[in-house]
Amino acid sequence: MNLRVLGCATPFPRRNEPCSGYLISAGRSTLLLDCGSGVFGELIECINPNDLSAIWISHLHPDHFADMPAVANWALNTDDAKKIRVYGPEGWDRRLDYFLSGDEGSGLSKSIFEVGYIADGMVVDIGQLQVTSHAVRHSVLTFGARIESNEGSIAYSGDTGPCEALADLASGVDLLLCEAGAEKESEYHLTAQQAYDLAVSSHVGRLLLTHVPSEQKNSDLTKFDALPVELARPRTKWII
Ligand SMILES: [Zn+2]
């Protein structure tokens, strides 16, 4: 099972640093988790979108969703584009319809993609990957995902403040990809310390901190010594 970070910048992309986008694969199944600003250009360096098994969107903030119009434009301008399965919070397709056509009822997204909505506790099989979605705590409807295959397991927090769902989401996974977007404790994001505490209490194998604002990227991680802890970086791959 592989995790490739396409981008993890927040809240806006920089040159060569897209916002949230992660490719998770096992065997011939590949899932794109989130499609934030700048992700599509990085994605097509790694994979033909026709080879994606699905796209899963945690929430509709721009740093997690804003490159879906680019995926749509790829599909509309590619003769052999397949209908990619896309899961996201209810209404994601109408949001995209409005962006693409100025009419949220145009149905354009449904003509381009296989549209699915995420619900709390929903379990879907995406090829060799089983994805369980958990509602987490953020300023808009947001989900985290637990992804399991016969090769291992990865949990992705989405954007979230502290909440009960995180224990189930992360319990015993090989790798926890956890946001650490807050400098101080807050309602809608975690600090690096809170992400670490979650990883320890959930007995995860390793912790990858992501969605870390650039001004916090120099913070000392050596104090987190109960398990391997690293910062996510674009164009980097982790093998489980
Ligand atoms: Zn967010």
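Trainee: By class, how many nonpolar, polar and charged residues does the lining of the largest pocket have?

Mentor: The lining has eight nonpolar, four polar and three charged residues. Here Ala, Val, Leu, Ile, Met, Phe, Trp, Tyr, Cys and Pro count as nonpolar, Asp, Glu, Lys and Arg as charged, and the others, Gly among them, as polar. This is a predicted model: local features need pLDDT of at least 70 and side-chain atom pairs pLDDT 80 or more, while totals for chains, interfaces and linings use all residues. Residues are numbered from 1 along each chain as its sequence is written, and side-chain values use heavy atoms, without hydrogens and water.

Trainee: Is strand S10 enclosed or open, and why?

Mentor: Buried means under 20% relative accessible area, with exposed over 50% and partly exposed in between (1.4 Å probe, protein chains only). Strands are DSSP runs of E with at least two residues, and helices are runs of H or I with at least four, numbered from the N terminus. Five of the five residues of S10 (residues 152-156) are buried, so this strand is largely enclosed by the rest of the structure. Gly152, Ile154 and Tyr156 cover one side, and Ser153 and Ala155 the other.

Trainee: Which residue in S10 is the bridge partner of Ile147?

Mentor: Two strands pair if DSSP finds at least two bridges between them. Strand S9 (residues 143-149) runs antiparallel to S10, joined by five bridges, and the partner of Ile147 is Ile154. Two residues separate S9 and S10 in a hairpin.

Trainee: How many bridges pair S10 and S11?

Mentor: Three, in the parallel sense, with S11 at residues 175-179. In S11, Leu175 is the bridge partner of Ile154.
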